[in-house]
Amino acid sequence: MAITRRELITGVAKVGVPAAVVGSIGAGALKSETIPVPSAAVGLLYDATKCIGCKACVAACAEANDTPPDTRGDSLHQAPSDLNDVTRNVIKLYKPENGSEFSFVKRQCMHCLDPACAAGCPFQALHKDPESGIVSWTAEKCIGCRYCTITCPYHIPRFQWVGFNPRVTKCELCQHRLAKGLKPGCTSVCPTGAVIFGPRPVLLLEAKRRIETSPGRYYQNRVYGEVDNGGTQSLYLSHVAFEKLGLPELGPESVPAKTLRWQKRFYQYFALPAVLYVGLVQVIRKGLRAHEQEAHEHEKETGLRAQL
Amino acid sequence: MSSAALQVDRHARDHRWERNTPVYGFPLVNGFFLVLLALVILAFVLTGYRELAGLGPVSGMNDAYGWGIWKTFNVMVLTALGSGAFAVGIAAWVFRRKRLHALMRMALLTSFLAYASGLMLLGIDAGRPWNFYWMVFPWNWNMHSPLAEVAICMSIYAMVPLALENIPPVLERLWYFDSRLRPGVEKIERKLYAGFPWIIAAAYLLPGMHQSSLGALMLLAGERVHPLWQTPWLPVLYLGAATFMSFGCVAGTTMLCCLMWKRNMDMDVLDDAARVTAYLIAGWLGLRLLDVLFRGALLTAFRFDRFAGVFWLETLLVAYGGWLLWVSLRDHSPRKMFVGYVLSSVGGMVYRFSPTTLAFRPNPEALYFPATIEILVSLGFISLGIVGFLIAVKRLAILPAPLHEWHNMANYFRFRRPYIRWTGYFKYGYFGEDESSEAAKS
């Protein structure tokens with residue numbers, strides 16, 4: 001006998017009512033959730049109008065992080081075409097065919113306030129420091145699943161494809177230099193001050209001052225990273241559209257907040273799965289008793305041992 | 001009762017699946033089996049090379065496509081086919097479609113094999129697998145990560161509830177193997193069955209969680225997944241695809257086995273499974289199309305590009321497969337039913353494969369095509385599952401059969417192959433005895 005309508009309705013009610021109660025409580029808890037800005041958030045401010053594309057920062061980054069020069073292009077020059085397993089910082093050039101304005105762009109980790117890489121990382125190998133807000137990678141926790149390379153909306157973390165002990169490479173804002181009281185490698189060598197280091201609120205004020213003093217110079221008169229993707233700690237000023245420089249328009253809500261809302265609600269305190277589990281046990285217990293009874297009768301009828 | 005009615009009744013009885021019976025009279029080792037075995041061994045050797053050389057030299061994965069077919073096909077697609085223990089189980093136990101109990105052992109076995117081989121490949125695909133020990137300490141989990149949910153939940157599911165559900169056929173074989181083992185086996189069985197409600201409930205909750213989380217994985221990829229696939233409903237659609245695909249896998253494999261090893265098909269059971277599958281497909285397709293419509297992504301399906309092609313391919317495959325299943329209920333045609341299962345499952349497979357690979361656009365220049373070694377390893381682990389399946393159905397009572405098949409098997413081993421001692425069944429048992437527990441007591 002298949003399940004009757006009455007049983008279906010009562011069953012759904014038995015599981016659904018507590019589930020709805022738990023869900024609505026969970027929903028309330030989720031609404032109040034805001035992205036906390038780290039107490040001592042530090043970051044970078046990159047001004048594309050000041051960058052001359054000398055790539056001193058690329059060399060300084062490699063030196064500061066003790067990574068080998070990437071000469072895989074022509075076996076001669078250190079000329080990485082993009083971020084990769086030995087390149088944490090790269091200068092790219094946007095130059096349209098039609099001769100309109102060109103721009104350099106420096107790419108490195110954005111140190112998002114709500115990083116998607118850390119939201120997806122299964123065992124917290126990518127971790128956002130609650131004080132400095134630096135997103136860093138821990139070798140001892142990483143299982144090498146490469147989910148960070150899928151989730152990061154800026155496509156920053158890179159996996160080492162060769163070797164038995166692969167690492168994930170990304171800008172960690174030269175934490176080891178900060179501890180010694182030094183500035184990150186890239187900001188310490190920039191000849192034009194196109195990239196500067198400092199506390200995030202200070203950088204934000206500086207960026208807004210620049211926009212105010214020369215209105216019309218910057219794209220949309222705004223700072224990329226103030227609110228984009230929930231806010232980032234690497235801030236950008238540019239005279240060409242941010243999208244052309246590989247900084248997608250993601251809106252003011254962070255990627256994890258946008259996409260994992262229901263996932264979070266369902267697994268909040270593990271309450272909903274627990275309610276479902278208890279309900280399932282009850283239903284199956286009842287069915288199992290009837291099934292055993294039937295198997296027993298069948299055994300008597302055929303003289304062959306019951307198969308459950 | 002007239003003799004005609006009796007005749008009809010007896011005829012029906014001949015075809016009714018009443019007892020799971022091992023496949024007998026066919027050798028386990030044949031050419032096909034040896035080819036599979038060679039593929040498995042080759043895959044193990046190549047796996048050793050992969051662990052030393054890294055992922056780059058053996059695969060087509062790159063910075064843009066961080067995930068290759070090991071994850072996106074062997075895990076994401078094949079565990080959907082292997083969700084039979086979940087979907088068929090819920091239909092039989094929770095919605096009490098009793099006839100489907102005949103397919104239960106097939107469902108449990110295919111699930112276990114698909115999950116086991118998928119999990120092994122997940123371990124090989126991980127770049128730093130030695131750090132998996134972190135899984136043991138829950139305070140290291142990132143509770144909000146869909147991937148943590150998948151990794152933890154899948155391993156627990158395959159190693160505990162699913163493995164325990166697969167134990168009864170093994171115990172049964174021991175019971176028949178030697179009458180001296182019977183008291184011990186019966187004791188273990190009693191304990192196992194006492195825990196079954198909790199085990200079975202876990203075996204439904206956990207796959208429900210991780211099969212939907214597999215869909216949630218690609219939510220974080222945002223706009224890099226084509227709008228025809230990227231939707232907040234992705235977890236639900238992934239779970240839904242797993243339900244009808246696994247019905248297709250369980251019922252389709254059973255039909256194939258019946259053809260291969262010349263067994264009777266119980267059209268009552270198969271009709272029931274096909275009806276459930278057709279409903280599941282209708283519901284899933286409805287949700288999929290409504291979602292595409294209400295998000296306003298339908299227009300992109302009419303552009304002339306590969307994404308639109310893949311979308312129509314999977315939609316039409318699933319729809320036509322579902323239609324064939326529905327028609328097969330009318331004219332009781334096993335052929336249409338089988339083709340319907342195959343087409344709808346293939347459509348579902350394309351759907352599960354798309355968000356991570358076919359419809360994943362990290363950047364315009366990025367390309368991914370699996371390397372030879374990658375494909376060989378993937379095939380090797382699929383072969384491992386098939387090898388396990390062939391051994392299991394020929395040595396354990398997995399496949400459903402009419403009652404007379406069991407008696408035929410007993411006769412076969414008794415009189416035609418008395419020298420096959422290791423086959424197990426009826427070695428020390430008294431042939432023709434009353435095996436029921438009542439007879440044992442008196």
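**Entry 1: chain B overall**

Helices (H or I, at least four residues) and strands (E, at least two) are DSSP runs, numbered from the N terminus. I then looked up the radius of gyration of chain B: it is 23 Å, close to the 22 Å that the globule rule gives for 442 residues, so chain B is as compact as a globular protein of that length. The radius of gyration is taken over C-alpha atoms, and the globule rule is 2.2 Å times the number of residues to the power 0.38.

A note on the source: this is a predicted model, in which local features need pLDDT of at least 70 and side-chain atom pairs count only at pLDDT 80 or more, while totals for chains, interfaces and linings use all residues. Residues are numbered from 1 along each chain as its sequence is written, and chains are lettered from A and ligands numbered from 1 in the order in which they are written.

I noted that the C-alpha trace of chain B spans about 75 × 55 × 45 Å along its principal axes. Of its 442 residues, 49% are buried. A residue counts as buried if 20 or more other C-beta atoms lie within 10 Å of its own, exposed if 12 or fewer, and partly exposed in between, with C-beta atoms placed from the backbone. Among contacts in chain B with a separation of 6 or more, 81% are between residues 24 or more positions apart. Two residues are in contact if their C-beta atoms, placed from the backbone, lie within 7 Å.

**Entry 2: helix α14 of chain B**

I picked out helix α14 of chain B, residues 306-331. Its 26 residues reach 37 Å from first C-alpha to last, close to the 38 Å expected at 1.5 Å a residue. The expected span is 1.5 Å times one less than the number of residues.

Which residues of α14(B) are buried? I listed several, including V310(B), F311(B), E314(B), L317(B) and V318(B). G321(B) and G322(B) are also buried. The buried residues of α14(B) pack against α13 (267-294) and α15 (334-358) of chain B. Just after α14(B), I found H332(B) with a positive phi of about 45 degrees.

**Entry 3: chain A overall**

I turned to chain A, which has ten helices and nine strands. Its radius of gyration is 27 Å, well over the 19 Å that the globule rule gives for 308 residues, so chain A is more spread out than a compact globule. Its C-alpha atoms fill a box of roughly 90 × 45 × 45 Å along the principal axes.

Chain A is divided into domain 1 (42-259) and domain 2 (267-299); the bounds come from an automatic or database domain assignment. I noted 52 Å between the centres of the two domains, taken over C-alpha atoms. Buried residues make up 39% of the 308 residues.

I looked at α7 of chain A, residues 200-213. Its 14 residues reach 20 Å from first C-alpha to last, close to the 20 Å expected at 1.5 Å a residue. R200(A), L203(A) and A207(A) are buried in α7(A). Seen down the axis of α7(A), the buried residues fall within an arc of 65 degrees, so they line one face of the helix; the arc is that of the directions from the helix axis to the C-beta atoms. On the other side, P201(A), L205(A), R209(A), E212(A) and T213(A) are exposed.

What do the buried residues of α7(A) pack against? I found β1 (42-47), β8 (195-199) and β9 (234-237) of chain A.

I followed β1(A) further. Six of its six residues are buried, so β1(A) is largely enclosed by the rest of the structure. V42(A), L44(A) and Y46(A) lie on one side of β1(A), and G43(A), L45(A) and D47(A) on the other.

β1(A) and β8(A) run antiparallel and are joined by five bridges; two strands pair if DSSP finds at least two bridges between them. G43(A) stands opposite G198(A) in β8(A). With β9(A), β1(A) pairs in the parallel sense over four bridges. In β9(A), S234(A) is the bridge partner of L44(A), and Y236(A) is that of Y46(A). S234(A) and Y236(A) point one way from β9(A), L235(A) and L237(A) the other way, and all are buried.

**Entry 4: where the chains meet**

I ended with the contact, which takes 57 residues from chain A and 59 residues from chain B. On the side of chain A that touches chain B, the largest share, 13 residues, comes from α10(A).
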